[in-house]
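Have the sequence and the model open as you read.

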Amino acid sequence: MIKRYAEQIFNIFNFVDSVIITDEQARIQYYKTVRKDINTIEENEIVGWNILDAYTSLTRETSTIYQVLDTGHPIMNQPQVFRNYRGETVHATTSTLPIFDAGKIVGAVDVSSYDKRGITLSTNHTLPKSQMY
């Protein structure tokens, strides 16, 4: 089910370079990146890890996954610079959303674009429609 959910995310969001799905304890349940030139972590390598162990420069306060798990509110288009446990620095624009089951937060999904130009990851554009196409 989680894999199908992640594949739907890749279809919904444009310019997604990675998807991380965690449980309510911020343990990674699913991870995929299409930009191995920037983030070389393999898909099953960090499954089961806590997000802070995989991305060592993050803290509970700076991790959008923890912020979403703690508040239940999505964070959209957040510019971030973080380092993974391999020491690779990643510049990203991330959107992190809570996952609910029967009204309870059961996890979070984080979609990231590694493009340093800050590509928008949602359909809430600030430009007039005439300038978007």
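S63 is buried, with a relative accessible area of 1%; buried means under 20% relative accessible area, with a 1.4 Å probe and protein chains only. The model is predicted: local features need pLDDT of at least 70, side-chain atom pairs count only at pLDDT 80 or more, and totals for chains, interfaces and linings use all residues. Residues are numbered from 1 along each chain as its sequence is written, and side-chain values use heavy atoms, leaving out hydrogens and water.

**Around S63**
- S63 sits in the loop between α2 (51–54) and α3 (64–71). Helices (H or I, at least four residues) and strands (E, at least two) are DSSP runs, numbered from the N terminus.
- Leaving aside residues up to four places away in sequence, S63 touches I51, L52 and L58. Contact means heavy atoms within 4.5 Å.

**Burial of β1**
- Strand β1 covers residues 18–23, and six of its six residues are buried.
- Both faces are covered. S18, I20 and T22 are buried on one side, and V19, I21 and D23 on the other.

**Pairing of β1 with β2**
- β1 and β2 (residues 28–33) run antiparallel, joined by five bridges. Two strands pair if DSSP finds at least two bridges between them.
- The hairpin of β1 and β2 has four residues between the strands. In this hairpin, A26 takes a positive phi near 70°.

**Pairing of β1 with β5**
- Six bridges link β1 to β5 (residues 104–113), and these strands run antiparallel.
- D23 has G107 as its bridge partner in β5.

Definitions and conventions:
Buried < 20%, exposed > 50% of the residue type's maximum accessible area, 1.4 Å probe, protein only.
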